[in-house]
Amino acid sequence: MTNQRVYLDYNATAPLRPAARAAMCDALDAVGNASSAHAEGRRARARIEEAREAVAALVGAAARDIVFTSGGTEAANTLLAGGLRFHDARPDRLVMLATEHPCVLEGHGFGDRASRAPVDGDGVVDLEWLRRDLARNGPAVVALQYVNSETGVIQPVAEAAALVHAAGGVLVCDAVQAAGKLPLDMATLGADALFISAHKIGGPQGVGAIVLGGGFVTLETRLLRGGGQERGARAGTENVAGLAGFGAAALAAAAERAAVAARCAALQQLLERRLRQIIPDVTIFGAGAARAPNVTAFAAHGFPAQTLLMLLDLQGIAVSSGSACSSGKVRRSHVLEAMGVEAALAGGAIRVSTGWNSEEKDIHRLAEVLAAAVARRQDAGRAGAGHASPGALSA
């Protein structure tokens with residue numbers, strides 16, 4: 001056993017990058033409100049605009065189309081408040097993927113004018129269902145997550161956007177888990193608006209961004225009012241240090257994306273190979289679909305997620321069960337439910353996610369602990385226990 005912790009929960013939050021920490025410390029040591037006209041205020045404003053340029057470059061957009069927020073949740077709530085105008089049209093209904101993040105499923109302003117698009121057994125959107133819905137019910141704001149936070153499954157956003165646009169609608173994309181991991185370009189993706197979050201790419205928590213389609217998508221609903229910040233799109237004194245960290249993380253994530261993605265893909269392959277060796281009946285969710293290179297969600301009968309999470313934590317390994325946005329609670333995943341996964345199997349779902357400074361030794365340590373847990377279960381079975389219990393799996 002080692003005393004060093006192994007962190008494999010990057011989809012919840014990534015460790016702060018050194019460049020982001022340095023930029024934040026530098027900003028914290030300075031004084032100045034970015035709305036002030038004096039030299040200190042202008043320097044604060046310059047930090048924000050530098051961050052805006054860096055975030056825009058990460059997503060292939062223009063800096064003028066970036067609106068900073070307090071994170072992905074605020075960004076989603078703002079975009080889906082019901083005031084998104086596309087050219088001269090303002091669709092009055094919302095179609096959400098059934099596997100969207102709760103900030104979309106629960107954070108919109110469309111009330112009973114919202115519906116959910118189904119997914120297949122791998123969690124991929126049913127494009128034929130979407131086509132029929134748009135033909136039958138007319139234009140809609142369609143919310144489609146690029147990369148699922150729980151399974152890593154990649155959605156065909158460009159194909160969906162073509163259907164949505166042909167019907168006169170708007171596509172909003174949650175790109176939080178795609179930024180820094182997959183190529184991300186507004187024009188290629190086809191999204192009319194998207195949002196990202198700093199702490200998923202090695203920036204600070206509590207900072208995010210809306211990215212609007214240049215010149216033809218406008219926000220008519222402001223959640224925060226009473227000031228002219230962010231060109232009137234969001235009131236409130238800017239978090240200069242947080243934005244400086246966001247910008248630095250965006251620069252690093254863009255520069256290292258290909259290398260980090262390749263390393264994460266190798267770790268993913270290693271993990272899944274070891275899982276199949278250790279747990280022959282393991283289920284890897286979304287295995288039949290394209291997935292982000294840094295995520296593996298798996299389960300095996302007889303290994304309850306809560307028990308396994310506790311075991312791994314006691315052994316110094318941090319992983320998650322599903323999405324990390326439920327106040328630390330382990331509960332059944334709506335994503336796996338939408339995919340048609342049986343409740344017993346879904347109850348054992350564990351998510352392993354890697355990132356910018358993950359190493360091969362992290363996967364080997366995880367595999368070592370899992371192998372020991374399986375061996376204890378087998379020993380208990382041979383002794384007549386019949387099935388694994390929390391005691392049989394304990395460290």
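Is Glu-359 buried, partly exposed or exposed? Select Glu-359 to find out: its relative accessible area is 41%, so this residue counts as partly exposed. Keep in mind on this tour that the model is predicted.

The side chains of Glu-359 and Lys-361 form a salt bridge, with N to O at 4.0 Å. Lys-361 is partly exposed too, at 46% relative accessible area. Salt bridges with shared partners also link up elsewhere: pick Arg-45, Glu-49, Arg-52 and Glu-238 together, and you have one network. Across the whole structure, a search finds 14 salt bridges.

Next, go to helix α5, residues 127-137, and show Glu-128 and Arg-132, which lie four residues apart, about one turn of the helix. Their closest N and O atoms are 3.7 Å apart, in a salt bridge. Glu-128 is partly exposed at 37% relative accessibility, and Arg-132 is partly exposed at 35%.

Move on to helix α2. Here Arg-43 and Glu-40 sit three residues apart, about one turn of the helix, and their side chains meet in a salt bridge of 4.0 Å, N to O. Glu-40 has 32% relative accessibility, so it counts as partly exposed.

Stay with α2 (residues 39-59) and bring in α8 (residues 240-278): the two pack at about 30°, with axes 8 Å apart. The crossing of α2 past α8 is left-handed. To see the contact, select residues including Ala-44, Ile-48 and Leu-58 of α2, and Leu-243, Phe-246 and Gly-247 of α8. Colour the contact by class and you will find 13 nonpolar, one polar and one charged residues.

How values were computed:
Residues numbered from 1 in each chain as written. Predicted model: local features only at pLDDT ≥ 70, side-chain atom pairs only at ≥ 80, totals over all residues. Heavy atoms only, no water. Axes fitted to C-alpha atoms, helices over the stretch in contact; angles between N-to-C directions. Left-handed = near helix turned anticlockwise from the far one by under 90°. Contact = heavy atoms within 4.5 Å. Nonpolar A, V, L, I, M, F, W, Y, C, P; charged D, E, K, R; others polar. Buried < 20%, exposed > 50% of the residue type's maximum accessible area, 1.4 Å probe, protein only.
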